[in-house]
Amino acid sequence: MQQDKESALPTRPLALVHIDTLRREYTSAWLLAKELSRRGYRVLLTSRLSTGLLLKLLAPDVLVLTHTFTLPNTVKRMARARGTRIYVNIVEEVIEDETYMSIMYRPDVEVENFDGIFTWSEWARDWVIKNTKLDAQRVHCVGSIRNSVLKRLPERKKTGVVGLLSRFESLNTWDRRHPFIDLMGIDAEDTSNIDTRYYFEKKLIDAEAFSLTCKLIRQLIAAGQKVAIRPHPNEFKDSYHLLEKEFGSNLLIDDSRDICEFLAGVDVVVGPVSSAYTEAYIAGIPIVSLHNMQRYRYQDPEIYDSLDRLSAGSYLPKTVAEAVQLCLQDGLSPKRSPDLDKYLDAFYSLNGHPDPVSDMADIIARGQSRLSASSRFFNRMAAPLRLGIDVLRLIQSLSFGRKKVPFPVLRQYHYNGLLHEPSSFMEHLTNRS
């Protein structure tokens, strides 16, 4: 809705910015929309429930996706044939992890459909150029656009709250999918399949971490400590009402749309090792990790090496009791690691690209429109069409249709212009830019 108000001129080129997971991507996507608007674009934020439908009806000048596989190849081919330039803003990336990159750029992904891919690191950029059909001019290392959010964070204040980062999306899926649905389609005897092996490993690791987390919460609350838990963006948040009933009013379930907003309200972060440590580390918040307590680990060296590196910037107690004492310690200072600083600089290109959102917008704005006059004319209907789709999706979520998306899932996971206005925290970020 906000972008619609700012984009009144119908002759301006149209850009669709796709949001795959609301609580992970909304803030940075909104900042990108702001930057593209400053460069002359009309920008609409879209989601899994609206992007594909809009592409059937319109041909935007620019489409910014979140993953290489966000849309079927047929849809991307059709969009490009009508003149749309397609970019991929990678929202999850790795460094020195061949396994992950092979999954992200698997053979069935037609990378030739992309006019540009934005990577986080030079390592990832080099990997894409070497291992795919994309030429170097289409692959841009800008860092993660999450860095632009971190750059604008407000000054920290003491809150008296322990922040707990959960990472249990394999157990508590955002769409409440029954595990039988996945398991029926998996060949458990095919041990060579990377996806299958990772699926089972993650289930075991997450189950152990969840049990440790519950024990930790129980002991912190028994000591009179207030705890705020942030569900992973791919979890079904309402499941955490079970923990509220179990642990009482001193356990708060975070409802903010951005992890940085959550971090602004806590004094220390605790939880299983996660890439979410990165924001806390860069923001200078002490981290207490459950990593050394866990008996179960990933088999692939690329994965556990990365997790071990991230743990270098955190306290690593061997028991829950030790973790509780660290969390209760007044004035606990953040742990620093020169090796981790170097690693994160390489991983996120922190020093080379202090404001990736601006860099991305510059690269996109340099491209020339390929749309026909008729496509530009019909794009005048983009805003009312998205509004109509959002209205229909809202009605659908409150009905009992065959393809119903339950309202709690719509509210938590899928961007909808009727439900998700920018927060005061997000507005504050633009004031600081």
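Predicted model: local features only at pLDDT ≥ 70, side-chain atom pairs only at ≥ 80, totals over all residues.
## Exercises: cores and cysteines

**Exercise 1.** Skipping neighbours within four places in sequence, which residues is Tyr105 in contact with?

*Solution.* Once you set aside its neighbours within four places in sequence, you'll find Tyr105 in contact with Thr68, Ile90, Val111, Ile117, Trp127, Val128 and Thr132. Next, zoom out: Tyr105 is listed among the residues with the most contacts inside the largest nonpolar core, which has 88 residues. Others on that list include Val17, Tyr26 and Leu36. Now ask who supplies this core: helix α2 (residues 22-38) gives the most, with 8 residues. Finally, look apart from it and you'll spot another core of 29 residues, including Tyr240 and Leu332.

**Exercise 2.** How many disulfides does the structure hold?

*Solution.* The count is 0. Let's check two cysteines. For Cys214, the nearest cysteine sulfur belongs to Cys327 and is 15 Å away. A disulfide needs the two sulfurs within 2.5 Å, so Cys214 is in no disulfide. Then take Cys260: its nearest cysteine sulfur, that of Cys141, is 20 Å away, and Cys260 is in no disulfide either.

**Exercise 3.** Is Cys260 buried or exposed?

*Solution.* The cut-off for buried is under 20% relative accessible area. Cys260 comes in at 1%, so Cys260 counts as buried. Cys214, with 15%, is buried too.

**Exercise 4.** Where is Asp206 placed, and what is Asp206 in contact with beyond its neighbours within four places in sequence?

*Solution.* First, find helix α9 (residues 194-222): Asp206 is in there. Second, check accessibility: at 4%, Asp206 counts as buried. Third, leaving aside those neighbours within four places in sequence, list the contacts of Asp206: Arg167, Phe168, Glu169, Ser170 and Leu171.

Methods: Residues numbered from 1 in each chain as written. Heavy atoms only, no water. Core = buried A, V, L, I, M, F, W, Y, C linked by side-chain atoms within 4.5 Å. Buried < 20%, exposed > 50% of the residue type's maximum accessible area, 1.4 Å probe, protein only. Helix = DSSP H or I, 4+ residues; strand = E, 2+ residues; numbered from the N terminus. Contact = heavy atoms within 4.5 Å.
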